[in-house]
Amino acid sequence: MDATETTTSDDPTTEVGEAGEVPATGSAAAPTGDDVVLKLTETALATVLDLRDAEDDSDGLALRVEVTGVRGTDFTYDLAFEAVKDAKPDDSVTVQEGLTVWIPAGSLDRLRGATLDVPSREGQGGLVLRNPNRPDPLGMDGTIELTGTVEERVTQLLDGHINPALASHGGFAQLVRVEGSSAHILMGGGCQGCAVSAMTLRDGIQAAILERVPEITEVVDTTDHDAGENPFYTDDPYA
């Protein structure tokens, strides 16, 4: 079952479809573990256990939860009952009140701290995945080499890694100045006046700078987002 239903930006939850749609395959005995990546509420646990117990070879099945992609500002998910014997050594396999929960290694960091629950609206079926984690809107995974002063490293990060991602949306970001531990950033092109530019700065640019330039503890948006209907497209230094 692909968990790709509607998400909301102010409430980090994803509806993962009708619980009865979760498929099942295989059989095996489930190992236990102490590192619980994804927790189930009491009501969600009861719902999933009822579904698992209705399947053939239910004792060997685990609830496998995987991040399958990104939709907007949220992850998409796949939930399925699968044979726990197929889990790989790097995967997380834990037992919660009789239910084996299997998280593939590639989804561990993206699901850590998440909770599987039932919808709060009465009469609504399915499950809800409340995940505090968000995908990087700039797609900047991995190690990035930066050298020089604080200003030089921030500029390298913007020019070499952040702006190529923003360019696909007709935008750019540039360093205005560094004051103490604050980096003042100007966003232009398609980013200026864009409804999601504040989110891009907070979730993407700010996170990237704070992680990779430790001297910076604050990123300040100096952009005038109210300036005109088609601002700064001809001023883009990266075009």
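Arg153 touches Leu146, Thr147, Gly148, Val213, Pro214 and Glu215, leaving aside residues up to four places away in sequence, where a contact means heavy atoms within 4.5 Å. The structure is a predicted model, in which local features need pLDDT of at least 70 and side-chain atom pairs count only at pLDDT 80 or more, while totals for chains, interfaces and linings use all residues. Residues are numbered from 1 along each chain as its sequence is written, and side-chain values use heavy atoms, with hydrogens and water left out.

**Setting of Arg153**
- Arg153 lies in helix α3 (residues 150–167), helices being DSSP runs of H or I with at least four residues and strands runs of E with at least two, numbered from the N terminus.
- With a relative accessible area of 13%, Arg153 is buried, a term that means under 20%, whereas exposed means over 50% and partly exposed lies in between (1.4 Å probe, protein chains only).

**Helix α1**
- The buried residues of α1 are Ala44, Leu45, Val48, Leu49 and Arg52, and they line one face of the helix, because seen down its axis they fall within an arc of 130°, taken from the directions from the helix axis to the C-beta atoms.
- The face turned away from that buried side carries the exposed residues Glu42 and Asp50.
- Among the elements that cover the buried residues of α1 are β3 (38–40), β4 (61–71) and β5 (74–83).

**Confidence**
- The mean pLDDT of the chain is 76, and 68% of its residues reach 70 or more, pLDDT being the predictor's confidence in each residue, from 0 to 100.
- Over residues 18–33 the pLDDT is below 50, although this stretch has 52 contacts in the model beyond near neighbours in sequence.
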